[in-house]
Amino acid sequence: MPDPTPTGRIATIDTVRGVAVMGILFLNIIAFAMPEAAYISPRAYGLDGPADRFAYYATLILLDGKMRGLFSFLFGASLLLVVDRAEASGRDPAAVHYARMFWLFLLGIAHAALLWRGDILAHYALIGSIAYWFRHNSARRLVAFGIAFAVLDMLLMGSIPLSYLAMLAGGGADAARGLRDFDNGFGIPAATVIARELALFRGGYGAILADNIAQVPDILNETPIIGFETLAYMLFGMAALRSGMLQGQWSRRRLLRWAVGGMGIGIAGYGAIALWIAWRDLDVLAIVAGPIALATPFRTIMIPGWAATIILLAGNGGPIARRLAAVGRMALSNYLATSIVMCFLFYGWGLGQFGYWSRASLYLPVFAMCAAMALWSPWWLARFRYGPFEWLWRSLARWQWQPLRNPSHLQKRRIDANDPQ
C-alpha cells in the first residue's frame, strides 16, 4: 500500500485522528439505532442480557467521552496548525480560520437537519471560533487555560446530580415534573416516549426531516452546556502541538509516562465509577452522578493518555498506522459517511432496523464500518488529494474549486497506458 501521508502533513496527528473517528462510532451507534435516552441510560432500551451490560461497561470505561474528547483535542491542534501556516505564508490567519469555521458550521447544520440530529460539527465550529483567541499562548498557558475550563465544566456537570437530589428532597408539581424529565432523559422513559421515537425513525424520511429541523435549535442550545469541556480539550490539543507531542518530538520515555499515567488513572477512576453504577443497578442518580459528573476529571486525564498510547503503538508508521493515518486524513468524510451508512441501515427510509438490535449486537456494524474506512480511505487517497467532503470544505473556505485528482496517480496511469507489457 502506498504511503497515504503526503509531504507537509503530520502523520502522527492523522493517525491519532483516525483512531478517534473510528472510536466515536462505538458510542454514536447507540444514538443511530436506539431511542435517544439509551445513549446515556442503558436501562432505557436494549439492555437485554449480560452481553449488553458488558458492552455498556466496556465502552463506558474505555471510550465514553474519550473519543469525542480526543477528536476535540485533535481539532484544536489542527486549528493551530492551519492558523500558523496561514500566518507564515503571509495570509490573514483570522480570515482563513473564520472562513473554515463558517463553512464547517453550515455543513454541520445541514448534516443535523438533513440526516442525523447527533451532529457535532456545528458545535466544533462555534467553539473553534473561540479557541482561535488563544492561539498565541505558550503550551504551558494553554494547559492552564484548559484546566480552568475543565474545572468550570466539572462544576456545571456537578450541578446536574445536585439538582436531581434537590427535586427528590422537595415536593410539589414542579419537582414531580422535573423528576419525570430526569426519568425520560436518564432513566427509563415513559412508554409513550419510546413508542413515539420507534414510530418516527421506523417511518419515512419526511417525518424524520421535520423532526431533525425542529431539533436544530436544541442542538445549538447545548453548546453552552458542553462548550467548556470542548474548549478545554481543544486547548489541550493546541498545547500538545506547541510542545511537540503530536509532531513525534517527545521521547519514548515521556510518552510512556503519559500513556501509563493517563490510561492508568482514567481506567481506575472509571472502573470505580462503573462498580458504583452497577451497585446502584444503573438508576437515575448513578447515571447523572457517574458518567456525567464524577467521571469528568478522569476523562480529562485519559484523553492525552489515549493520544500518547496511540503514538507509541503507531511507532514508525507500519501498515496499520498508515491505514489509520489515511482514515484520519479523511476524518470529515468518514464521519459523514458513517452517518449516511448508519442512518440508511437503521432508519425507515433505508433498511428500517431502528430499535430491533440489542446493545451488544450493534458492534457488528461498527466493526464492519471501521474495516470499510480502513479499506476505502487509502484507496481514495491514492487517487485524490483530499476526501470528498474535505475537498468541498477546502474549496468553499477558499472560495475556489481546489484540484482534487492526485497528480502522482495520474502520472502512474499514463505510464501504465504507455507500457508495452
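Helix α1 (residues 11–33) packs against α15 with the two axes 10 Å apart and at an angle of about 25°. That angle makes α1 roughly parallel to α15, since angles under 35 degrees count as roughly parallel. The crossing of α1 over α15 is right-handed. This is a predicted model, and the descriptions that follow apply to it as such.

From α1, the contact draws on R17, V21, L25, N28, I29, F32 and A33. From α15, it draws on A331, N334, Y335, T338, S339, M342, C343 and F346. Sorted by class, the contact of α1 with α15 has 10 nonpolar, 4 polar and 1 charged residues.

Helix α15 also meets helix α16 (residues 363–381), and here the axes come within 11 Å and cross at roughly 140°. The two helices are therefore oblique to each other, because only angles over 145 degrees count as roughly antiparallel. The crossing of α15 and α16 is right-handed. On the α15 side the contact is made by N334, A337, T338, V341, M342, L345 and F346. On the α16 side it is made by P365, M369, M373, W376 and S377. The residues of this contact divide into 9 nonpolar, 3 polar and no charged.

N334, T338, M342 and F346 of α15 are listed in the contact with α1 and again in the contact with α16.

The cysteines can be taken next. How many disulfides does a search of the whole structure find? The search finds 0. C343 is in no disulfide, and the nearest cysteine sulfur, that of C370, is 16 Å away. A disulfide needs sulfur atoms within 2.5 Å. C343 has 0% relative accessibility and so counts as buried. C370 has a relative accessible area of 9% and is therefore buried too, the cut-off being under 20%.

Helix α15 is also one of the partners of helix α5. Helix α5 (residues 121–131) is mostly covered, with 9 of its 11 residues buried. The buried residues are L121, A122, H123, Y124, A125, I127, G128, S129 and A131. They pack against α3 (66–88), α4 (93–114), α10 and α15 (331–346).

Helix α10 (residues 223–243) packs with helix α13 (residues 296–314) at an angle of about 30°, and their axes are 11 Å apart. These two helices are therefore roughly parallel to each other. The passage of α10 across α13 is a right-handed crossing. The α10 residues E229, Y233 and F236 meet R299, T300 and I303 in α13. By class, the residues of this contact divide into 3 nonpolar, 1 polar and 2 charged.

L235 also belongs to helix α10. Is L235 buried or exposed? Its relative accessible area is 0%, so L235 is buried. Apart from its neighbours within four places in sequence, L235 is in contact with F134, L142, F145, G146 and F149. The C-alpha atom of L235 is separated by 33 Å from that of G187, a residue 48 places away along the chain.

L282 has a positive phi of about 60° although it is not a glycine. L282 lies in the loop between α11 (252–279) and α12 (284–294). With 0% relative accessibility, L282 counts as buried. W399 likewise is not a glycine, yet has a positive phi of about 55°. W399 sits in the loop between α17 and α18 (407–418). Its relative accessible area is 68%, so W399 is exposed, given that exposed means over 50%.

Leaving aside neighbours within four places in sequence, S395 is in contact with Q400, W401 and Q402.

Conventions. Residues are numbered from 1 along each chain as its sequence is written. This is a predicted model: local features need pLDDT of at least 70, side-chain atom pairs count only at pLDDT 80 or more; totals for chains, interfaces and linings use all residues. Side-chain values use heavy atoms; hydrogens and water are left out. Axes are lines fitted to C-alpha atoms, for helices over the stretch in contact, and angles run from 0 to 180 degrees between N-to-C directions. Helices (H or I, at least four residues) and strands (E, at least two) are DSSP runs, numbered from the N terminus. Angles under 35 degrees count as roughly parallel, over 145 as roughly antiparallel, 65 to 115 as roughly perpendicular and the rest as oblique. A crossing is left-handed if the near helix is turned anticlockwise from the far one by less than a right angle, and right-handed if clockwise. Contact means heavy atoms within 4.5 Å. Ala, Val, Leu, Ile, Met, Phe, Trp, Tyr, Cys and Pro count as nonpolar, Asp, Glu, Lys and Arg as charged, and the others, Gly among them, as polar. Buried means under 20% relative accessible area, exposed over 50%, partly exposed in between (1.4 Å probe, protein chains only).
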